[in-house]
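Dear colleague,

Please find the structure below.

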Amino acid sequence: MSSIVLEHLAKRFGEVVALDDLSLAIADGELVAFLGPSGCGKTTTLRLIAGFETPDRGAIYFGSRRVDGLAPERRDVGMVFQNYALFPHLTVWQNVAFGLEMRRLERQAIRERVRAVLREVQLEGLEGRYPRQLSGGQQQRTALARALVTNPSVLLLDEPLANLDANLREEMRFFIRTIQREHGITAVYVTHDQSEAMVLADRIAVLMGGRIVQVDRPEELYRRPRDLRVASFVGVCNVLTGELAGRRGDAYAVETPVGRVFASGPEGLGGPRVHVILRPEDLALASADRPDEPSADGRVRLPGAVVARAYLGNLVDVRVEVAQGLVLRVQARPEEAPRAGERVVVAYDPRSAWCVADA
Amino acid sequence: MREARARWARWAPFALLLPPLLVLALFFAAPYANMIYISFLTPATGGGAYGPPLTLGNYRDTLGDPFNWRILARTIGYAALTAFAALVLGYPLAYHLVRQTGARRAVLMVFVLAPLLVDVVIRSYGWMVLLADTGLVNSLLAQLGLPRQHLMYNGFGVVVGLVHVYLPFMVLSLLGSLGGRLPELELAARGLGADGLRTFLRVTWPLSLPGVFSGTVLVFVLAASSYVIPSLLGGNQVLTMPMLVAQRVLELFDWPSGASLAAFMSAFTLLLLWGYVKLMGRAMRGIG
């Protein structure tokens, strides 16, 4: 096991800049998810770490060992590909044994090790099957077993769950997480699915345009995004855009089309144009008919009208127009959700709202 | 009405197959059957035409003559050598080609296919200009003070011609099995600790066997039945089976003998291919 350090990585493909000065340190045993839209450079970074591409500039270290000049077979990485890349002409057993055979282990040692890993990923009894005779989930686990069998110092996963159906995907998230923890292996996980990244990762690195925009623990990333792009990529968000108008206690005051609102934010927030990010689950609905609750609790209240609602089973997605053309998404419990056309008040605690500067 | 449509749906595939089947029956199966029939007829004696009664004598003569076996062996040998050489030359070419993208790939593709635009007779004459005793290659050797080589009117010239003409077929056959997901599988092997050579031996080569199989069969069959190239580049020094058949039929007017020779070669080639299919089938188990 070892840490991974990426230093000022840059990579171009012809005219296209895939990576533009990317630096990141991943601790020993940590799982970092690279999250971003397609073409953001996350897969390129993974391929640089694996050695399938060479960086134009920068360095890659595993622990104290510099690896960016090494061929892939000399880096000691385990990789799980999006399409699994199982060898179709080899059985499950042969696929998993491949890496050990390349390391010229003794036959007996190979047999024991393969058997142990297959047990771990629950593929016992399928050793003699060819990949095409396996279900998607079984192929996925074969790929995982093949990557783990050599005890690599680094595990790389390239959207490993993208081709599974929703139920299985959820199950496999926890499975991968458990195995990674048990092995204590340093892992990089590439995905464009933010909920996958949230569940799996110790830290998430959000990549955009070949750069890391923000690296943080999932909660930090969600609650305190660095800018609007991160906020809207990680979860649903409502945005009130306005001008910074000073502070009140811990909160910033922002002049918006719906009046003056308050929100927390980073120290030294730059103005004048700022965005207030409101998560749907932090917004509460009150009927406009009822007398105002005492505003001493410091909550911000925005009157509006329900323009649409969508029933989602466990909750209702309510859309409230609080100003001309400005609609907020609010999550309400089904039994409390107002009907379309009803006048309501959207209320929130300024501590749950977050301000970011305009990029 | 509905019944009629159902009936049509059942027969539609056969109806669509009918035109090609008719063409094949008329221009392939029928002449072939006729050739087999002729091979059992009694040859002409003293200027008469061949005709009944039916006899096995042609086959007795054909199979009993060691000369025919020698020619067959040579024909098969040249065809096998051609298939092998085309594979050795075509494999890296196809491997490289399939990993190119966009305009580069299109241009390389045109280079591979362009020779097919020139007729095989013309290309054979082209090789004669190069390979003749007083040809381009030998003048070059002379300039360098090296001894003159006999490069045509022998097996070498024939195989060179055959390889050149049938190489595109090999490359086209290999393209399919060297592309697709193979590049990614090679990366997977490298990531698992296999160096370049072992990646090739354990992943690339076994997975390209379907292309290797179809390419070698195609080139072998084409080369074995080739008539123009061995005639021109072999002169009369290198006799192959198709030339022998043509000689019997066109020069000696011994149709039954020629027909039995042709049938002999067909049967033998089919037998070889059957063995090859079995062999490769075993090697390709698991792919597909």
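**The interface of chain B and chain A**

Between chain B and chain A there are 2 salt bridges, a salt bridge being a side-chain nitrogen of Lys or Arg within 4 Å of a carboxyl oxygen of Asp or Glu. Arg202(B) forms a salt bridge with Glu101(A), with 3.0 Å between the closest N and O atoms.

This is a predicted model, in which local features need pLDDT of at least 70 and side-chain atom pairs count only at pLDDT 80 or more, while totals for chains, interfaces and linings use all residues; side-chain values use heavy atoms, with hydrogens and water left out. Residues are numbered from 1 along each chain as its sequence is written, and chains are lettered from A, and ligands numbered from 1, in the order in which they are written.

The contact (heavy atoms within 4.5 Å) takes 23 residues from chain A and 22 residues from chain B. About 2200 Å² is buried between the two chains, 60% of it from carbon and sulfur atoms; buried area is the accessible area (1.4 Å probe) that two parts lose on being put together, summed over both. Leu192(B), Arg198(B) and Arg202(B) supply 31% of the area that chain B buries against chain A, more than any other three residues.

**A residue with positive phi**

Most residues other than glycine have a negative phi. Tyr84(A), although not a glycine, has a positive phi of about 70°. Tyr84(A) is buried, at 4% relative accessible area, where buried means under 20%, exposed over 50% and partly exposed in between (1.4 Å probe, protein chains only).

Yours sincerely
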